[in-house]
Amino acid sequence: MVKEQAESKKGIDKKTLARFKKILLKEREEIVGEVKQIYESSKEMGQDGIQDIGDEAANIYNKQILLSLTENERIRLQEVDEALDRIENGTYGICEECGGPISPKRLEVRPVAKYCVPCLMKLEKGK
Ligand SMILES: [Zn+2]
């Protein structure tokens, strides 16, 4: 049957974490990548031979990307970024509501999940 890994603590093991990180980065790339391409090609038309982008320019550049995203994409991007933050902070896979672990199965389906199933149900009921 299902082999339940005896994880004593509420974290996810490093290997799984790395895998989720990959999935999230790929998703991020998918959301941003397309827009970046459009932006890049429009930029190429206007200017020639500008090599280094300074921090400020990079910021504007990022802002431009964000602006050209649809509302949905922006929300998705935010969720992905938050999940990546949680991976960095070591809080990935921990429910924001009750502090308990989010089941790996749920994370498989929805890597950006920040609530465990019981809490999600409770929150959705409350809406
Ligand atoms: Zn919870």
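# Reading the labels

Reader: Why is Glu 108 called partly exposed?
Author: Glu 108 has a relative accessibility of 42%. Buried means under 20% relative accessible area, exposed means over 50%, and partly exposed is in between (1.4 Å probe, protein chains only). The 42% of Glu 108 falls in between, so Glu 108 counts as partly exposed.

Reader: What kind of model is this, and how are residues numbered?
Author: The model is predicted: local features need pLDDT of at least 70, side-chain atom pairs count only at pLDDT 80 or more, and totals for chains, interfaces and linings use all residues. Residues are numbered from 1 along each chain as its sequence is written, and side-chain values use heavy atoms, with hydrogens and water left out.

Reader: What makes up the secondary structure of the protein?
Author: Five helices and zero strands. Helices (H or I, at least four residues) and strands (E, at least two) are DSSP runs, numbered from the N terminus. Along the sequence the pattern reads α-α-α-α-α.

Reader: What makes Arg 19 and Glu 108 a salt bridge?
Author: Their side chains meet at 2.8 Å, N to O. A salt bridge needs a side-chain nitrogen of Lys or Arg within 4 Å of a carboxyl oxygen of Asp or Glu. The 2.8 Å is within 4 Å, so the pair qualifies. This pair links distant parts of the chain: Arg 19 sits in helix α1 (residues 14–46) and Glu 108 in helix α4, 89 residues apart. Arg 19, at 39% relative accessibility, is partly exposed.

Reader: How many salt bridges does the structure hold, and which others can you show?
Author: The structure holds seven. Among them, Glu 88 and Lys 21 meet at 3.1 Å, N to O. They link distant parts of the chain, with Glu 88 in helix α3 and Lys 21 in helix α1, 67 residues apart. Another is Glu 79 with Arg 110, at 3.2 Å, N to O. Glu 79 lies in helix α3 and Arg 110 in the loop between α4 and α5, so this pair ties together parts 31 residues apart in sequence.

Reader: How do you know which residues are donors of the zinc ion?
Author: Donors are N, O and S atoms within 2.8 Å of the metal (3.2 Å for Na, K and Ca); water is not among the atoms, so sites may look incomplete. The SG atoms of Cys 95, Cys 98, Cys 116 and Cys 119 lie 2.2 to 2.3 Å from the zinc ion. That is within 2.8 Å, so these atoms count. In sequence, the donor residues are spaced C-x2-C-x17-C-x2-C. Cys 98 lies in the loop between α3 (71–89) and α4 (104–109) and Cys 119 in helix α5 (residues 117–126), so the pair ties together parts 21 residues apart in sequence. Cys 98 is partly exposed at 49%, whereas Cys 119 is buried at 4%.

Reader: Why is the site of the zinc ion called tetrahedral?
Author: The angles among its four donor atoms are 107 to 114°. Four donors count as tetrahedral if all angles lie between 85 and 135 degrees; four count as square planar and six as octahedral if opposite donors are over 155 degrees apart and all others between 65 and 115; anything else is irregular. The angles here lie between 85 and 135 degrees, so the site is tetrahedral.

Reader: Why is the aromatic pair of Phe 20 and Tyr 92 described by that orientation word, and how many such pairs are there?
Author: A search of the whole structure finds one aromatic pair. Phe 20 and Tyr 92 form it, tilted, at 5.6 Å centre to centre with 50° between the planes. Phe 20 lies in helix α1 and Tyr 92 in the loop between α3 and α4, so the pair ties together parts 72 residues apart in sequence. Rings of Phe, Tyr and Trp (its six-membered ring) pair if their centres lie within 6.5 Å; planes under 30 degrees apart count as stacked, over 60 as edge-to-face and the rest as tilted. The value of 50° belongs to the rest, so the pair is tilted. Both Phe 20 and Tyr 92 are buried.

Reader: What makes Arg 86 buried, and what does it touch?
Author: Arg 86 has a relative accessible area of 7%, under 20%, so it is buried. Arg 86 is in helix α3. Contact means heavy atoms within 4.5 Å. Not counting residues up to four places away in sequence, Arg 86 touches Thr 91, Tyr 92, Glu 96, Val 112, Ala 113 and Lys 114.
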